[in-house]
Amino acid sequence: MERINRDFKVNKNFHQAKWDEPIIFELHKNGERGVVAPKADEEIARTVGDGISKIPEGMLRDEAPNLPEISQARVVRHYTRLSQMTLGADVNMEIGQGTCTVKYSPKINERLARLPEMTEIHPLQDESTVQGILEIMHKTDLFLREISGMDRFSFQPSGGSQAIMAMAAIARAYHESRGEGDTRDEIITTIYSHPSDAAAPAVMGYKIIYINPDENGYPDLEAFKAAASERTAAFFIANPEDTGVYNTRVQEFTETMKEVGALSCYDQANANGLLGITRAKEAGFDMSFFNLHKTFSTPHGCGGPATGALGVLDHLVKFLPGPLIDFDGEKYFQNHDIVDSANSIGKVRMFNGVAPVVLKAYSWIMSLGAEGLYEVAKVAVLNNNYMFRKLMELDVVDAQYIRGKQRVEQVRYTIEKLFNDTGITTEDVQRRMMDFGMHYWASHHPYYVAEPMTLEPTESPSKEDIDEYVETLKHIFQEAYENPDLIKSAPHQSTCHQLKEESLDNPAEWAITWRSYLKKTSV
Amino acid sequence: MKLKGFKSHPYIPNSVPDVQNEMLKEIGLADLEELHSEIPEEIKLKKNMDLPKPIVSEYELERHVKEIIKKNKTCEDNINFLGGGCWQHHVPAICDEINSRGEFLTAYGGEPYNDLGRFQALFEYQSLVAELVDMDVVNVPTMDGAQAAATALRMAGRITGRTEVLVPALMDRDKFKIVNNYCKSALKLIEVDYDKKTGQLDLEDLKRKANENTAAVFFENPSFMGFIEEGGQEISDIAHEAGALSVVCVDPSSLGVIKPPSHYGADIVAGELQPLGMHMNYGGGQAGFTATRDEEKFVMEFPSRLFGITSTIENGEYGFGDVAYDRTSFGHHRHEGKEYVGTQTALWGITAGVYLALMGPVGMVELGQTIMQNVQYAIAKIDEIDDVKASAFDSTSFKEFVVDFNKTGRTVEEINGKLMEKGIFGGKDLSKDFPQMGQAALYCVTEIHTKSDIDKLADALKACL
């Protein structure tokens, strides 16, 4: 037998799983069953009858819902196949989803979160019966205090954006408590912070003011000072911003807010490269939040469940959504005093925290300790700057701002030159990357950087992974000059071919459910 | 002082010193300390953080965490009658199997190509819930049922251009707080009274309060107190006569047997998905859905992502994508998009789809029927106890009901304490949130309760009163 040649840097033989599964409704077969629900005890049935004839007149459903009937094995096969057509972090080297901090999520943490002592507990159980989870929540609060310098955390918000909304609500409650609720109606953010830093405060009724970057990519300090006034309620910013540029003058920003009596709110979605390096408190923030599903690995779950752990300084604790978890030296308990007070914003979520997410974050922190978190930050930044260097060596890649200086957690590159030379857009490259089993993200909209490419290696990939990612990009950039049609028509080796997208924006044609599709396409 | 790192950590491949040195060299640095050069010195930490010593071995970590969480006492080892927004239902093994798949568990914001499975599974979830509520549009799920209700009301506010919503006085107080916080800048919540005997919404009070400022009449079916709100159509009619929308929060586990709100005039339906295949998870299994008719004026007001089906350039191939993406805050309009969108509860959406695919129409009918039989039996058994009234309201319950302990001279707290000694978690104490009801508790019975569970409860109650 001859030696098989594996001497290649780009995996051209990749093909993503493509099962071409039907829609679940197409698997329907009259009479098949997936699972059988428990029946009431015979004696109960004898005593009370069929149960449903007690339903008041006019409220009984006259026809069963039109759900499909499918045998159990086929349901398992269907969803297992769909999972195989999903490029989770377990199956690809996560580098391409910049700003999302997609890192390795340890399996042991998931197993712990799925023990019955976690899954089979009700949120309204007596505190004496849930000491375990309360201890986890309290200790995770203590850890996050140390990591951020904030004085108290609430696990109420179940995502980063909900945490932003809660911070805006706290800003509102804070200013109302000082008799300035009506006059402070503006919130300042930056164009390179997450769109939710603008959108969620707007839901709370705020007028939004955007600060543009200066020539170095820092939020324009002069423009910021000009925008700050007695109308300002708060300032919402990520640091580093989505460009990966760390705002070196952050203290001047938070100081400016103090001078005008407004609050500084830190979106720590990009905190991964800063763990153990620098904290929200020293930078002058009053509030901050961590995405436990990002920085603390819990993982992303296709987009939640998640937690936006929200920390504040002492002077804002009374406004937090609750209950908060306290320890009296003997037992852990839910402190309802704050949430029931007139100051608190009340609640943003039905039950406290997304318990399994908090548990996984706890376990992750415990597996690393302070030294490990420091290593996470150092390696994430090492990986990012290593990749930054490799990519900037390429003729078609550039990155605006602070030339020659380091970036923190990710970099927003531009491949404008590639576009100008070949007509290949960042979206074209994105689709082609899928032919090699890799994610690639451009940017939020609108694009402030031309033909953007936002990459974030985190601490999880190896040097070889990063090299392979860069080699793959190089390969595609070369294709752009030699065979642009191959890229324009990509993907070729993914789960499906290019979408016809027009219908998705046309009310007469869009189909958000199968029944709607059947109606709109019937002949 | 040089801070300490953690070399050769199993989760960090490039924590190996040789590799680090090689990479540092490539970028022209000599030491990891030279990274983070952009962070001002005065705000850099000068020593390692004060955190517990790491637990390096996986085995010891497992022991450590288990030791803590084993302090929890579960609803498997006890008999649980708590509900009130999170309910104990059977979770089919396949729900856990699918949401444990690493591909789903660790995916995030990929594109419709490399994440086709995620898009299809969520499109199917939307489609399956659509059948349950008999409406054409369902969203990718939001944080929980309360958030879904809050968003439904903001949508109604924008659609009608009005500033007030009418809500039932018997609404869960926590849900009220969430909705109020979320809607405050645009909508005022006004409570509508209820009939003291039946708990049903007071239609005369509703008529008095519905006017040209009313954006929506909001009610829950079953109500927070567990009974079926019988006047669905009349309530919707009153809303519509005032030019308002009818917004209904529903328990999806009831929809095999109880009419969906779209059949009695609801314009927007919201609800909590947790009963459909999510463990209670100490309240971590919550996820909210919102549904409407397929009309542009509704669809364009959703803040959530809506995954649609579409064709591809290849004959016979399904594709999926975001419908009207630009209406969201992820689109070009940022804060001028509809509310905000972000990471919510997609994995629970996929799981709810799996649940409905498994249950099918027959399963959902059986589920509803078993629950109602068990509840009626439980009410009858508890009502036999001297001085105890079940249910406090003279209406038909679905899976929850209020037990009135006022005549017993005992507080719910005392009673629940006694029950706990016998391995029973008694119902939610309502005395604080609804003082007008005195010592009353909200009990939840579902398909997981056996006759023996219910009998034990009744016996234990008798014994402790």
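Predicted model: local features only at pLDDT ≥ 70, side-chain atom pairs only at ≥ 80, totals over all residues.
Two strands are said to pair if DSSP finds at least two bridges between them.

I begin with a sheet in chain B. B:Asp404 stands opposite B:Ala440, a residue of strand 15 of chain B. The two strands concerned are strand 12, residues 400–404, and strand 15, residues 440–444, of chain B; their pairing is antiparallel and runs over 5 bridges. Helix 11 of chain B, residues 346–383, packs on the sheet, where strand 11 and strand 12 of chain B are touched by this helix. The direction of helix 11 makes about 5° with that of strand 12 of chain B.

What is the order of the strands in the open sheet of chain B? The sheet has 4 strands, in the order 11-12-15-14, with antiparallel pairing. Strand 11 (389–390) and strand 14 (428–429) of chain B each have a single partner strand, and therefore one side of each is left without a neighbour in the sheet. A further element, helix 12 of chain B, spans residues 412–421 and lies across strand 14 and strand 15 of chain B. Helix 12 runs at about 40° to strand 15 of chain B.

I now move to the interface. The size of an interface is often given as the accessible area lost when the parts come together. Between chain B and chain A, about 18900 Å² is buried, and carbon and sulfur atoms give 63% of that area. Which three residues supply more than any other three of the area that chain B buries against chain A? They are B:Tyr113, B:Tyr282 and B:Arg334, which supply 6% of that area.

The contact draws 202 residues from chain B and 224 residues from chain A. Polar contacts link 118 residue pairs between chain B and chain A, both residues being at pLDDT 80 or more. Helix 11 of chain B, with 25 residues, gives the most to the side of chain B that touches chain A. That side of chain B comprises 91 nonpolar, 61 polar and 50 charged residues.

Finally, the charged pairs. Over all chains there are 63 salt bridges, and 17 are found across the interface of chain B and chain A. One salt bridge joins B:Lys70 and A:Glu117, with the closest N and O atoms 3.5 Å apart. Another is formed by A:Lys520 and B:Asp294, whose closest N and O atoms are 2.7 Å apart. A:Lys520 belongs to helix 17 (residues 514–520) of chain A, while B:Asp294 sits in the loop between strand 8 (288–292) and helix 10 (296–299) of chain B, so the pair joins two chains.

How values were computed
Residues numbered from 1 in each chain as written. Chains lettered and ligands numbered in written order. Heavy atoms only, no water. Contact = heavy atoms within 4.5 Å. Axes fitted to C-alpha atoms, helices over the stretch in contact; angles between N-to-C directions. Buried area = accessible area lost by both parts, 1.4 Å probe. Salt bridge = Lys/Arg side-chain N within 4 Å of Asp/Glu carboxyl O. Polar contact = N/O pair within 3.5 Å; in protein donor to acceptor, adjacent residues only side chain to side chain. Nonpolar A, V, L, I, M, F, W, Y, C, P; charged D, E, K, R; others polar.
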